[in-house]
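Dear colleague,

I am handing over the structure below. My notes on it follow.

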Amino acid sequence: MIKVMFVCLGNICRSPMAEAIMQDLVQKAGLEEHIEVDSTGTSSYHVGERPHPGTRKVLKANDIEYRHRSRQVTIGDLAEADYVVAMDRHNHSDLLQMDRSGTLTNKLSLLLNEDPELELLDVPDPYYVGGFDRVFNLVQQGCISLLARIRRENDL
């Protein structure tokens, strides 16, 4: 089983949105027996909370089902995941600081690096600036490109 983990700061906006979008893409591609999707946050600010109302609203508007409770990333999560996908450079840096064993060397990436046409590195955090629809579109495009890469790299 290929394990994909999305990571943002609080695990209530961007990473659960990415998890839900990727899970939807995986199901539509008939790959749920091959790919497992999860999400976490680098902070403990919102542990146990449901996704932000803006995230829930945009997922519902796009007919994407989702159930999630925020949790903080652990060293074990990083070791078990095959793909660790950060939503921005700050979280990417936080993950590298957690990784004392070097396990992230070949599996950590930024979501928006998956699609060179996006011309952004960081998914904006809608918790602070709003724009959940724009964030959804960016995350969806990144997930489509990431799934294509996973399929290529794993002959799926």
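D115 lies in the loop between β4 (108-110) and α5 (126-129); helices (H or I, at least four residues) and strands (E, at least two) are DSSP runs, numbered from the N terminus. This is a predicted model, in which local features need pLDDT of at least 70 and side-chain atom pairs count only at pLDDT 80 or more, while totals for chains, interfaces and linings use all residues. Residues are numbered from 1 along each chain as its sequence is written, and side-chain values use heavy atoms, with hydrogens and water left out.

D115 is buried but has no salt bridge, and R152, the nearest side chain of opposite charge, is 11 Å away. Buried means under 20% relative accessible area, with a 1.4 Å probe and protein chains only; a salt bridge is a side-chain nitrogen of Lys or Arg within 4 Å of a carboxyl oxygen of Asp or Glu. For charge, Lys and Arg count as positive and Asp and Glu as negative, and His and the chain ends are not counted. Leaving aside residues up to four places away in sequence, D115 touches Q141 and S145, where contact means heavy atoms within 4.5 Å.

N11 is in the loop between β1 (2-8) and α1 (14-28). N11 counts as buried because its relative accessibility is 0%. The backbone nitrogen of R71 is 3.0 Å from a polar atom of the N11 side chain.

The strands β1 and β2 run parallel and are joined by 7 bridges. I2 stands opposite I35 in β2.

Regards

Note on methods:
Buried < 20%, exposed > 50% of the residue type's maximum accessible area, 1.4 Å probe, protein only. Polar contact = N/O pair within 3.5 Å; in protein donor to acceptor, adjacent residues only side chain to side chain. Pairing = 2+ DSSP bridges.
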